[in-house]
Amino acid sequence: MAKRYDINSALLRDLPLINGSHSSAVGQPKAHTQSPSVSGTAVIGVAFKGGIVLAADTVGSYGTLCKLRTIPRLLRVNKSTVLAMSGDYADFQYIEQLIAKKTMQDFCSDDGYEWTPKSLHSWLTRILYNARSKFDPLWNSYVVGGLEDGVPYLGGLTMLGISYTAPYMATGFGRFIAQPFLADQLEKNPEMDEVAAREVAIHSLRLLYYRNRESSNKYQLTVVTKDGSVLEPIKEFEGVWDTALMIRGYD
């Protein structure tokens, strides 16, 4: 298994003290990450007739500073399975390494097995719950999407290893801003097609961009249909701030 790299403990280990000794001396307590360093905000998932859409902006926030503008938070696992992340980016990179290693093992076994959305969802549940049980959680929420035996599948995960499925989902601040909008759109159009699902996902990101200081107008989409999965390049939508002129009390 890949070794989880904690930048905080690495800095403490490699930083010499004034007297020439190191901070990781015998007898020092073991330290765990208490909060994320660089993190990503909400991701959106929408199931439509024949597939799923995942969407996320590309900002990496250092605290409340939008430091990194074009980091991808979507992962194409294979032709039927994709993954989206919100939370600590370093822990997401660790999960990427684990998935790549597991994929290579399956390839070398040559038994015809590959990830499905349901199997990846179940496996990630165990990984996150195991880390949480050691009091060293992975500070992420995930959305797993794809086609399971030709049926659209969306599964969510919290950092505590709690898993659930739904026809639409949003993580982070999107649970309060985007999820009511997604519920309304799915209720009005339960048989929406890919075009409608893409518009709903992008509009959800737009709602977050106007209301969440850690969101961005640069975003990325991934779509899974019976023809396979596609991870699209980073795009950008224009913001409309005309209503700002009507706000009073913040001059």
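Asp57 is found in strand 3, residues 51-57, where strands (E, at least two residues) and helices (H or I, at least four) are DSSP runs numbered from the N terminus. The model is predicted, and local features need pLDDT of at least 70, side-chain atom pairs count only at pLDDT 80 or more, and totals for chains, interfaces and linings use all residues. Residues are numbered from 1 along each chain as its sequence is written, and side-chain values use heavy atoms, with hydrogens and water left out.

At 4% relative accessibility, Asp57 counts as buried, a word that stands for under 20% relative accessible area, while exposed stands for over 50% and partly exposed for what lies in between (1.4 Å probe, protein chains only). The side chain of Asp57 makes a polar contact with the side chain of Arg73 at 2.8 Å, and the side chain of Asp57 also reaches the backbone nitrogen of Ser216 at 3.4 Å. A polar contact here is a pair of N or O atoms within 3.5 Å; within protein, one must be able to donate a hydrogen and the other to accept it, and residues adjacent in sequence count only if both atoms are side-chain atoms. Leaving aside residues up to four places away in sequence, Asp57 touches several others, including Thr41, Ile71, Leu205, Glu214 and Ser215, where contact means heavy atoms within 4.5 Å.

Glu214 is also touched by Cys66, as are Val59, Gly60, Ser61 and Arg213, again not counting residues up to four places away in sequence. Cys66 is found in strand 5, residues 65-68, and with 15% relative accessibility Cys66 counts as buried. Although Cys66 and Ser215 are 149 residues apart in sequence, their C-alpha atoms are 8.3 Å apart in space.

Which strands pair with strand 7? Strand 1 (residues 38-40) is joined to strand 7 by two bridges in the antiparallel sense, and there Ser39 stands opposite Asp88; two strands are said to pair if DSSP finds at least two bridges between them. Strand 6 (residues 74-78) pairs with strand 7 over four bridges, also antiparallel, with Leu75 opposite Leu83, and a hairpin joins strand 6 to strand 7 through two residues. Strand 8 (residues 140-148) pairs with strand 7 in the antiparallel sense over seven bridges, and the bridge partner of Thr81 in strand 8 is Gly146. Eight of the eight residues of strand 7 (residues 81-88) are buried, so strand 7 is largely enclosed by the rest of the structure.

Turning to the helices, helix 2 (residues 89-109) and helix 3 (residues 117-133) pack at an angle of about 125°, with their axes 12 Å apart. That angle makes helix 2 oblique to helix 3, and the contact is made by Ile95, Leu98 and Ile99 of helix 2 with Leu120, Trp123, Leu124 and Ile127 of helix 3. The axes are lines fitted to C-alpha atoms over the stretch in contact, with angles running from 0 to 180 degrees between N-to-C directions; angles under 35 degrees count as roughly parallel, over 145 as roughly antiparallel, 65 to 115 as roughly perpendicular and the rest as oblique.

Most residues other than glycine have a negative phi. Asp110, in the loop between helix 2 and helix 3, has a positive phi near 55° and is exposed, with a relative accessible area of 68%. Asp149, in the loop between strand 8 and strand 9 (151-157), has a positive phi of about 55° and is exposed at 76%.
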